[in-house]
Amino acid sequence: MKILLTGCSGQVGYELERSLQGLGQVVAVDRSRMDLADLDQVRAVIREVQPGLIVNPAAYTAVDKAESEPELAFRINAEAPGVMAEEARKLGAALVHYSTDYVFPGGDPAPRVETDATGPINVYGASKLAGEQAIAASGVRHLIFRTSWVYGMRGKNFLLTMLKLARERDELRIVADQHGAPTWSRTIADATALVLAKAAAGGADGQQPWWEQHGGIYHLSSQGQTTWFEFTQAIIEQAGIACRLQPITSAEYPVPARRPHYSVLSSQRLVQQLVQLPHWREALALCMR
Ligand SMILES: NC(=O)C1=CN([C@@H]2O[C@H](COP(=O)(O)OP(=O)(O)OC[C@H]3O[C@@H](n4cnc5c(N)ncnc54)[C@H](OP(=O)(O)O)[C@@H]3O)[C@@H](O)[C@H]2O)C=CC1
Ligand SMILES: Cc1cn([C@H]2C[C@H](O)[C@@H](COP(=O)(O)OP(=O)(O)O[C@H]3O[C@@H](C)C(=O)[C@@H](O)[C@H]3O)O2)c(=O)[nH]c1=O
């Protein structure tokens, strides 16, 4: 099977290029080959590659910047996945896509399940929700993995930002009133590959029964929950850096985009049906090792 992988220079895309190898011929494209802001180019590349599966971790992920570039964020996060879905359906291909805990408003402090009401409070979250909806409306066979607080040892992420700042400064002020689950990019890629291996094994003739049974939205986050403050404590402790940390409120850290106060995802549907997921502390230790 030919797999078209987008965003291969991103955190999750980089890991997916490795994790997907056993499943077929991976055609990995970055922005230079397929710019998601150019919908004609997205269409043309899919028609040229003729994949049996599209895996789309590419996204507009600059949460604060999205507030002043809503049109671009929606083109990349909503319209482009919609085009991918439409093209995949025409080819009889399946689509794997990624979304975010920021589709939830984050008021009620209970882990969110897939069927809970969404209600994004920033442009990025709204654009990602619109992407989910475009895919579902297309009728393509699909999996949408909502994940959260992604980090890894490459790319732009909270872990690397904190390691850098903690080495440069004596004290860091970190918000302690936002709750979520940090998730290693490799956990997401490996879980995706395991699920797709099950999909490939699941259908005698081309997986239709498997996708009918298992397709749709899954939450895919590390187990457990924490705050950005506590996550930073764990990071600098693992790294052996001596830096004072001061817990602050979101109001004390003014930024353009509002963030949910509570966006912990319950991944029980995925864990019960398809694949195990580590606790965030366990994954962080492995990643930093
Ligand atoms: N990062 C996080 O904390 C979270 C991410 N997610 C979701 O998970 C998925 C993967 O995220 P992650 O790997 O962390 O994101 P990254 O920001 O690390 O990577 C995003 C990728 O998308 C590419 N990209 C951005 N704009 C375009 C464009 N116009 N055309 C083509 N490619 C483009 C980037 O390319 P380039 O390098 O050229 O910019 C990069 O390769 C996304 O769907 C994201 O919304 C969900 C929850 C948390
Ligand atoms: C750098 C820094 C940030 N913060 C705060 C700001 C913010 O509230 C919180 C998180 O910071 P960031 O801006 O790095 O994280 P943010 O961009 O909000 O991360 C989100 O990205 C998107 C793509 C997602 O989908 C989400 O799941 C989530 O991972 O930490 C501090 O309190 N102190 C600091 O020194």
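The protein has a radius of gyration of 19 Å, which agrees with the value near 19 Å that a compact globule of 289 residues would have; the radius is taken over C-alpha atoms, and the globule rule is 2.2 Å times the number of residues to the power 0.38. The model is predicted: local features need pLDDT of at least 70 and side-chain atom pairs count only at pLDDT 80 or more, whereas totals for chains, interfaces and linings use all residues. Residues are numbered from 1 along each chain as its sequence is written, while chains are lettered from A and ligands numbered from 1 in the order in which they are written.

Along its principal axes, the C-alpha trace of the protein spans about 60 × 35 × 35 Å. The secondary structure comprises 11 helices and 12 strands, taken as DSSP runs numbered from the N terminus (helices H or I, at least four residues; strands E, at least two). Of the 289 residues, 45% count as buried, a class that requires 20 or more other C-beta atoms within 10 Å of the residue's own, with C-beta atoms placed from the backbone. Among contacts with a separation of 6 or more, 79% join residues 24 or more positions apart; two residues are in contact if their C-beta atoms, placed from the backbone, lie within 7 Å.

Helix α9 (residues 228-239) contains T232. T232 counts as buried because 25 C-beta neighbours lie inside 10 Å. Leaving aside neighbours within four places in sequence, T232 is in contact with M162, L172, I174 and L245. The C-alpha atoms of T232 and F158 are 8.6 Å apart in space, although the two residues are 74 apart in sequence.

T232 also takes part in the packing of α9 with α6, in which F158, L159, M162, L163 and A166 of α6 meet W228, T232, I235, I236 and A239 of α9. The residues of this contact divide into 9 nonpolar, 1 polar and no charged; Ala, Val, Leu, Ile, Met, Phe, Trp, Tyr, Cys and Pro count as nonpolar, Asp, Glu, Lys and Arg as charged, and the others, Gly among them, as polar. The two helices pack at an angle of about 65 degrees with their axes 10 Å apart. Axes are lines fitted to C-alpha atoms, for helices over the stretch in contact, and angles run from 0 to 180 degrees between N-to-C directions. The crossing of α6 and α9 is right-handed, meaning that the near helix is turned clockwise from the far one by less than a right angle.

Helix α9 packs also with helix α11 (residues 280-288), at an angle of about 35 degrees and with the axes 11 Å apart. This crossing is likewise right-handed. A234, Q238 and A239 of α9 make the contact with R281, L284, A285 and M288 of α11, and these residues comprise 5 nonpolar, 1 polar and 1 charged.

Ligand 1 is surrounded by 25 residues, of which G7, G10, V12, A59 and V150 are the closest; a residue is near a molecule if its C-beta atom, placed from the backbone, lies within 6 Å of it. Two or more residues of this shell come from each of α1 (11-19) and β4 (94-100), and α1 gives the most, with 3 residues. By class, the shell has 11 nonpolar, 10 polar and 4 charged residues.

Around ligand 2 there are 20 residues, with T61, V63, T100, W149 and V175 nearest. The elements that give two or more residues to this shell are α6 (158-168) and β7 (171-175). β7 gives the most, with 4 residues. The shell around ligand 2 has 12 nonpolar, 5 polar and 3 charged residues.

Note on methods:
Buried ≥ 20, exposed ≤ 12 C-beta atoms within 10 Å, placed from the backbone.
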